[in-house]
Amino acid sequence: MTDSNIVNKYTEGLEFTPEKTGKALNVAFNILDKWSFNDTEKRAALGLSDTMPLDNKVAIAEAADIKLQFRLSIIIGLYADLKTLSASHELMMEWLRRSLPSGQVPMNVLMSDDYPKMLDLRAAAKSLQ
């Protein structure tokens, strides 16, 4: 299955509007701030270009594509999965920065373009519950 097929299947049936995307961006930025992601890491996790200003969420929401929607869903869902284990942002950050049994480092996967591995992160976090 191609990355596009994975993203399309995962987001199938969801309605995206600039307003909804803007709200999801606010949530995702708050999460990434709590996880101490710097601007470069935030751009990578959201799949944004280096030239996209992070402070212009309206422009980001208006230019959003299905892959950004997928990434927002992964970030917000992963946060929810990890929050069921602990409300401690420090423990979440520790999980994000250590290698999983698969050898993957969650933070690196979030900043990659490997959509199947992003789904694997969600499964890994859910398996901890």
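Colleague: Why is Lys42 called buried?

Modeller: Buried means under 20% relative accessible area, exposed means over 50%, and partly exposed lies in between, with a 1.4 Å probe and protein chains only. Lys42 has a relative accessible area of 9%, so Lys42 is buried. Please keep in mind that this is a predicted model, in which local features need pLDDT of at least 70 and side-chain atom pairs count only at pLDDT 80 or more, while totals for chains, interfaces and linings use all residues. Residues are numbered from 1 along each chain as its sequence is written, and side-chain values use heavy atoms, with hydrogens and water left out.

Colleague: What does Lys42 touch, not counting residues up to four places away in sequence?

Modeller: With contact taken as heavy atoms within 4.5 Å, Lys42 touches Phe29, Leu32, Asp33, Phe37 and Leu54, once residues up to four places away in sequence are not counted. Lys42 itself is found in helix H3, where Glu41, Lys42, Arg43, Ala45 and Leu46 are buried, and the buried residues of H3 pack against H2, H5 and H7.

Colleague: What makes a stretch a helix, and how many helices does the protein have?

Modeller: Helices (H or I, at least four residues) and strands (E, at least two) are DSSP runs, numbered from the N terminus. By that rule the secondary structure of the protein comes to eight helices and zero strands.

Colleague: How do you know that the span of H2 agrees with its number of residues?

Modeller: The expected span of a helix is 1.5 Å times one less than its number of residues. The 17 residues of H2 should therefore span 24 Å, and the end C-alpha atoms of H2 are 24 Å apart, which agrees.

Colleague: Why is Leu25 called buried?

Modeller: Leu25, which lies in helix H2, has a relative accessible area of 0%, so Leu25 is buried. Leaving aside neighbours within four places in sequence, Leu25 is in contact with Leu46, Lys57, Ile60, Ala61 and Leu72. Leu25 and Leu46 are 21 residues apart in sequence, and their C-alpha atoms are 9.2 Å apart in space. What covers the buried residues of H2 includes H3, H4 and H5.

Colleague: What makes a group of residues a nonpolar core, and which residues have the most contacts inside the largest one?

Modeller: A nonpolar core is a set of buried Ala, Val, Leu, Ile, Met, Phe, Trp, Tyr and Cys residues joined through side-chain atoms within 4.5 Å. The largest such core here has 37 residues, and those with the most contacts inside it are Trp35, Leu46 and Leu78. The largest share of this core, eight residues, comes from H5. Leu78 touches Trp35, Trp95, Leu96, Leu110, Leu121, Arg122 and Ala125, not counting residues up to four places away in sequence. In soluble globular proteins, nonpolar side chains tend to be buried together.

Colleague: How do you know that the radius of gyration of the protein agrees with that of a compact globule?

Modeller: The radius of gyration is taken over C-alpha atoms, and the globule rule is 2.2 Å times the number of residues to the power 0.38. With 129 residues, a compact globule would have a radius of gyration near 14 Å, and the protein has 14 Å, so the two agree. Along its principal axes the C-alpha trace of the protein spans about 35 × 35 × 25 Å, and buried residues make up 39% of the 129 residues.
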